[in-house]
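Have the model open as you read.

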Amino acid sequence: MMTNKKEILETIDRIYKQRRYNAELSKERKIHELYTKSKEFADICDKIKLAGLKLSKASLMQNKEQIAKYSKILDTLISKRTKLLIEMGYPSDYLEPDYLCKTCQDTGFVVLEDRVEVCKCRTQLFIELLYEQSKLKEILKDHNFSKFNLDYYSKEVDLKEGLSPYKNMVKIIEKVKEFVENFDKPNQKNLLFYGPTGLGKTFLAHCIAKEVIDKGKTVIFLDSISFFEILKDKYSKMLRLYEEVSDEEYKSLEEVDLLIIDDLGNEGKNAEFCHGVFQSLLDKRFLSGKKMIITTNYSLDGLVTVYSQFIMGRLQEYFMFLHLFGEDVRVIKAKLHLEKKTSET
């Protein structure tokens, strides 16, 4: 799933600018309302405005004596105004801007003593816009359990596996539905679908995404190449000992309710250097109870050749491995379509 990150970030900035404007506008309306109700309140507000201007001037001139003087005057006036608000029957914080997020005051960032962090509300907004911009919304109209057809899976027993592809898929769907039902339970394992192409791994991941979204949860669906591009960017920042405060992409991977990585292993050997970041992300999501779905065309033995024993250890600990086998569904569909076309001619 490729997205226009720049477009999303520009949209987010516009949204926060509008939110701050709305909050300040609401505050001004309240002040205007109280101006007309109380002359005493109006007088105090005028004095606060004047003291604020003088404090700003003193700050520009770096006049410490004046700064201390008008800071004290301003604090006294604000205390008087708060007291008057309460006497008039209003809460003490009535004139505080009505920010949607009190934590970041609708800036999207939280300033700490030693760093600036992306606020959770901004990460959430990024996830929502990422979903809106992706094609996932349209895909899920057709890729859901109501459209899942078990008739494409043979009922003939596979001697190597000891059961038929049909019965195997029935069992897998049961596990999938248990996963969705127990989505919020911390002890619910993640799911990893593995097996050859064309057996419905991605379709199943889409089905789960649809069910989880219907529960009001957030979902990010990424192919492995796009996923590892984000990890590479994160690794690069770590090497430079520099963390951009606008690192929404990686943050969203940590925070989203359900992260789906499609076709794991397809990212190739050039992503090996950031496997440590992948391992760290797996750990963080597991410890925070966040769920994941992974699909891969590799066998388990194949995965071992691609990823370190540490990552494989995490996958085995955090995921339930579900093996898909049988004939390529797309080939079966093509055969049926050809047979139908032939019979009509």
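How do the residues in the lining of the largest pocket divide by class: how many are nonpolar, polar and charged? There are six nonpolar, nine polar and six charged residues in that lining. For these classes, Ala, Val, Leu, Ile, Met, Phe, Trp, Tyr, Cys and Pro count as nonpolar, Asp, Glu, Lys and Arg as charged, and the others, Gly among them, as polar.

## What you're looking at

This is a predicted model, where local features need pLDDT of at least 70, side-chain atom pairs count only at pLDDT 80 or more, and totals for chains, interfaces and linings use all residues. Numbering runs from 1 along each chain as its sequence is written, and side-chain values use heavy atoms, with hydrogens and water left out.

The largest pocket has a volume of about 470 Å³, and 21 residues line it. Nearest its centre you'll find G198, L199, G200, K201 and F203. Two elements give two or more residues to this lining: α7 (201-214) and α13 (329-344). The largest share, four residues, comes from α7. (Helices here are DSSP runs of H or I, at least four residues, and strands are runs of E, at least two, numbered from the N terminus.)

A pocket, by the way, is an open set of points on a 1 Å grid over the protein atoms alone, where a 1.4 Å probe fits and protein lies on both sides within 12 Å along at least five of seven lines; lining residues have an atom within 4 Å of a point. Grid points are joined across faces, edges and corners, and the volume is the space filled by probe spheres set on the points.

The second largest pocket comes in at about 400 Å³. Of its 18 lining residues, K27, I31, I48, R81 and L95 are the closest to the centre. Helices α1 (5-37), α2 (39-60) and α3 (64-87) each give two or more residues to that lining.

## A buried isoleucine

I173 sits in helix α6 (residues 165-181). With a relative accessible area of 11%, I173 is buried (buried means under 20%, exposed over 50%, partly exposed in between, with a 1.4 Å probe and protein chains only).

Leaving aside residues up to four places away in sequence, I173 touches F145, F148, L150 and L204, where contact means heavy atoms within 4.5 Å. I173 and F148 are 25 residues apart in sequence, with their C-alpha atoms 10.0 Å apart.

## Salt bridges

The whole structure holds 17 salt bridges, each a side-chain nitrogen of Lys or Arg within 4 Å of a carboxyl oxygen of Asp or Glu. One of them pairs D98 with K30, at 3.1 Å between the closest N and O atoms. This pair links distant parts of the chain, 68 residues apart: D98 is in the loop between α3 and β1 (109-111), and K30 in helix α1. D98 is partly exposed at 39%, while K30 is buried at 13%.

D184 and K217 also meet, at 3.0 Å, N to O. D184 lies in the loop between α6 and β3 (190-194) and K217 in the loop between α7 and β4 (219-223), so this bridge ties together parts 33 residues apart in sequence. D184 is exposed at 54%; K217 is partly exposed at 24%.

E33 and K37 pair up within helix α1, four residues apart, or about one turn of the helix. Their closest N and O atoms are 3.5 Å apart. Elsewhere, K251, E254 and K284 are linked in a salt-bridge network.
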